[in-house]
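Keep the viewer open and follow along.

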Amino acid sequence: MSEPTAEQASGGVRTTVRGAGAALALAWQTGWYLPVTHGLLVLVQAVVPVVIAWQTKLILDLLVTGGATGTLLSLGLGLAAAGVVAALAPFAVQYITAETARRVGLLSQDRLFAAAERFAGLARFENPAFLDRLRLAQQSGGDSPSQVVAAVFSLAGGIVTIAGFLGSLLVISPWMALFVLAAAVPALAVELRLSRARAAMMWRIGPVERREFFFRDLLSNVQAAKELRLFGVGPYLRDRMNRERVESNAQRRRMDQRELTSQTLLGILSATIAGAGLVWAVLAAVQGRLTAGDLTLFVAAVSGVQNALVQLVREVAMAHHQLLMFDHYLKVVGSAADLTVPARPRPVPGLRKGIEFRGVWFRYSPEHPWALRDVNLVIPHGGSLGLVGRNGAGKSTLVKLLCRMYDPERGAVLWDGVDLRDMDPAELRRRIGAVFQDYMEYDLTAAENIGLGDVDVLTDADTDDEARRNLVRAAAERAGAHPVIADLPRGYDTLLSRMFFDMPGDGDEGDQSGVPLSGGQWQRLALARAYLRGQRDLLILDEPSSGLDAEAEHEIHTGLRAHRRGRTSLLISHRLGTVREAERIAVLDEGAVVETGTHDELIAAEGVYARLFGLQARGYQPQADAVQEVARS
Ligand SMILES: Nc1ncnc2c1ncn2[C@@H]1O[C@H](COP(=O)(O)OP(=O)(O)OP(=O)(O)O)[C@@H](O)[C@H]1O
């Protein structure tokens with residue numbers, strides 16, 4: 001993903017217009033009446049100062065020339081009414097801005113995550129640049145669009161106010177308009193430059209701030225806490241975090257200083273021009289060329305334009321920043337699909353013959369080495385394939401291709417002879433049950449942790465609660481998780497979590513506090529999730545018992561053996577003793593299949609498998625012999 005340069009980030013009229021248009025469209029979709037009311041209120045707010053200035057001028061002129069009391073009174077009342085509007089409009093605008101922010105925040109968040117879900121594969125989620133963008137989009141998705149909308153309206157309001165004052169002055173004296181404009185234009189030009197420079201600076205410090213965020217996150221992360229304490233690396237990481245902050249502070253400071261200098265000079269320039277204009281206006285009034293009302297209108301216009309200008313520039317700077325953030329959101333939402341799903345995908349019927357990897361080559365990107373090289377493998381229907389190999393040999397990668405998280409670069413993965421690329425990945429995955437090596441621990445109840453294995457069980461309106469509970473419990477029993485869950489404070493309804501612990505002094509929220517499980521207990525829940533998916537056509541077991549104690553492992557594998565019988569399954573494990581019963585075993589080495597056969601065939605072949613198996617068996621042998629000797633004596 002190519003990142004824009006600082007210049008692109010700071011400029012780009014097309015990007016700005018596109019972003020502003022998209023933000024307004026979002027606001028419109030949440031209910032047209034909100035942006036319309038917002039726009040009308042902003043218009044009223046923008047016009048009121050001009051109206052007040054005109055009313056004041058007319059009152060003064062009438063007072064000097066001895067105008068009719070009735071006219072004066074109605075002008076006074078008008079002035080009072082304008083004052084009321086001026087006082088109340090900001091509150092209404094504030095409310096509407098907040099309501100728009102709430103609605104737009106909800107809509108944009110939903111769209112962002114819907115877009116993330118549309119990525120059917122893993123490529124985007126395993127790409128650090130994309131993850132970075134997704135995080136920024138998440139951060140900005142809630143607030144940016146509504147702030148862009150607010151800024152666009154404020155900008156429009158500012159322009160109306162300025163145009164109103166300039167137009168009024170033009171009526172009295174074109175020279176006056178010229179004076180006010182002369183004070184405003186250089187300020188606007190300089191402020192816009194500063195705003196672009198600030199946006200570019202924000203883009204430059206983006207990576208610095210993200211690194212700081214990473215260290216901040218690490219220092220407060222429960223998973224990191226143990227190692228950080230044991231290795232005593234807290235101060236080191238804190239120092240790294242602070243150094244990033246010092247770096248971003250330095251850049252922000254330089255920008256602030258530049259702004260301070262420019263704005264001071266501008267202030268002097270504007271004040272000088274406005275002051276000269278005032279002297280001229282006073283002299284003109286003394287000479288009778290201007291009325292007292294003209295003079296007050298001039299004073300109001302000068303300060304009105306300058307205030308509106310300051311506001312306008314502030315809004316431009318904020319909109320600029322928010323648009324940059326919003327651009328991440330737009331890019332994520334507008335990203336192309338990562339996997340091609342055919343317009344008319346082939347159905348995924350129940351497996352009848354088997355799954356075949358035919359000449360599969362795969363690498364994560366052209367810059368990465370091949371993770372799979374010319375892999376040819378068959379998992380026959382109703383049979384089990386064991387997959388073994390050293391770390392990094394490509395076992396998990398093969399599983400990712402099997403679930404169509406990625407497509408092969410060359411060759412094909414075939415389901416009963418049909419290329420997975422011709423199928424809808426969601427349909428395919430409905431046919432697969434799996435326990436992954438890096439299984440998830442959901443901060444949800446025990447029942448939900450299992451129920452997520454078959455979301456229909458959780459959400460199907462036709463399944464009553466009792467039936468749902470029974471299904472979940474049956475899966476938990478098969479995975480050996482039931483006794484642990486039954487002992488939890490609220491059984492299957494207990495919240496399992498590493499995060500939502502009760503805070504001392506939080507009040508009586510004990511029921512809501514999370515209960516943490518051990519690694520092996522979590523693994524049993526992952527297994528129960530797979531069992532709940534029970535009748536799937538293909539069962540993938542990637543290190544399903546790595547965190548279990550010896551007894552539990554034995555028990556689980558006995559259960560799994562029974563479950564796998566007659567089912568198509570792929571079993572990956574570094575513990576070769578658990579793979580030996582697979583009908584066929586394949587050995588992967590550096591992405592290539594180097595051996596296949598039954599356990600006995602592979603042992604007889606005396607290749608990689610036999611060597612690895614021998615190494616593991618030897619580790620157990622002396623102890624096993626000793627145990628037998630003790631038993632004999
Ligand atoms: N997302 C990724 N991006 C780039 N390279 C990757 C990615 N995931 C894995 N790899 C690389 O692909 C190769 C195969 O990795 P894989 O995870 O498939 O191995 P494995 O056999 O499952 O290893 P282990 O036994 O350690 O789990 C490795 O060299 C690894 O570094």
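Start at isoleucine 355, which sits across from tryptophan 415 in strand E4. This is a predicted model, in which local features need pLDDT of at least 70 and side-chain atom pairs count only at pLDDT 80 or more, while totals for chains, interfaces and linings use all residues. Residue numbers start from 1 along each chain as its sequence is written. Helices (H or I, at least four residues) and strands (E, at least two) are DSSP runs, numbered from the N terminus.

Two strands count as paired if DSSP finds at least two bridges between them. Zoom out and you get an open sheet of 4 strands, ordered E2-E1-E4-E5, with antiparallel pairing. Its edges are strand E2 (372–380) and strand E5 (418–419), each of which pairs on one side only.

Now look for helix H10 (residues 395–402). It lies across E1, E2 and E4, running at about 115° to E1. For such angles, axes are lines fitted to C-alpha atoms, for helices over the stretch in contact, and the angles run from 0 to 180 degrees between N-to-C directions. Contact here means that the C-beta atoms of two residues, placed from the backbone, lie within 7 Å. H10 also lies across strand E3 (384–389), E7, E8 and strand E9 (584–589), at about 155° to E7.

And what about the ligand? The largest share of the shell around it, 3 residues, comes from H10. Of the 13 residues around the ligand, Tyr364, Asn391, Lys395, Ser396 and Thr397 come nearest; a residue is near a molecule or strand if its C-beta atom, placed from the backbone, lies within 6 Å of it. By class the shell has 3 nonpolar, 8 polar and 2 charged residues. In this scheme Ala, Val, Leu, Ile, Met, Phe, Trp, Tyr, Cys and Pro are nonpolar, Asp, Glu, Lys and Arg are charged, and the others, Gly among them, are polar.

The other sheet to follow is an open one of 6 strands, in the order E6-E7-E8-E3-E9-E10, and its pairing is mixed. Its edge strands are E6 and strand E10 (592–597), each pairing on one side only. From one strand to the next, the twist averages 15°. E6 and strand E7 (residues 538–542) pair in the parallel sense over 4 bridges, with alanine 434 opposite isoleucine 540 in E7. E7 then pairs with strand E8 (residues 568–572), again in the parallel sense, over 5 bridges. There, leucine 538 has threonine 568 in E8 as its bridge partner.

In a regular strand the side chains alternate between the two faces of the sheet. Strand E6 (residues 432–435) is covered on both faces: Ile432 and Ala434 on one side, and Gly433 and Val435 on the other, are all buried. Buried means that 20 or more other C-beta atoms lie within 10 Å of the residue's own, exposed means 12 or fewer, and partly exposed is in between, with C-beta atoms placed from the backbone.

Helix H16 (residues 519–532) lies across E6 and E7, running at about 170° to E6. Leucine 525 is found in H16, and it counts as buried because it has 25 C-beta neighbours inside 10 Å. Leaving aside residues up to four places away in sequence, leucine 525 touches Asn449, Ile450 and Ala481.

On to the helix pairs. The axes of helix H8 (residues 234–286) and helix H9 (residues 292–333) come within 9 Å and cross at roughly 170°. That makes H8 roughly antiparallel to H9; angles under 35 degrees count as roughly parallel, over 145 as roughly antiparallel, 65 to 115 as roughly perpendicular and the rest as oblique. Among the residues making the contact are Ala274 and Gly277 of H8 and Leu295 and Phe298 of H9. The contact of H8 with H9 has 8 nonpolar, 3 polar and no charged residues.

Helix H2 (residues 13–29) and helix H4 (residues 69–118) pack at about 100°, with their axes 9 Å apart, and are therefore roughly perpendicular to each other. Their contact divides into 4 nonpolar, 3 polar and no charged residues.
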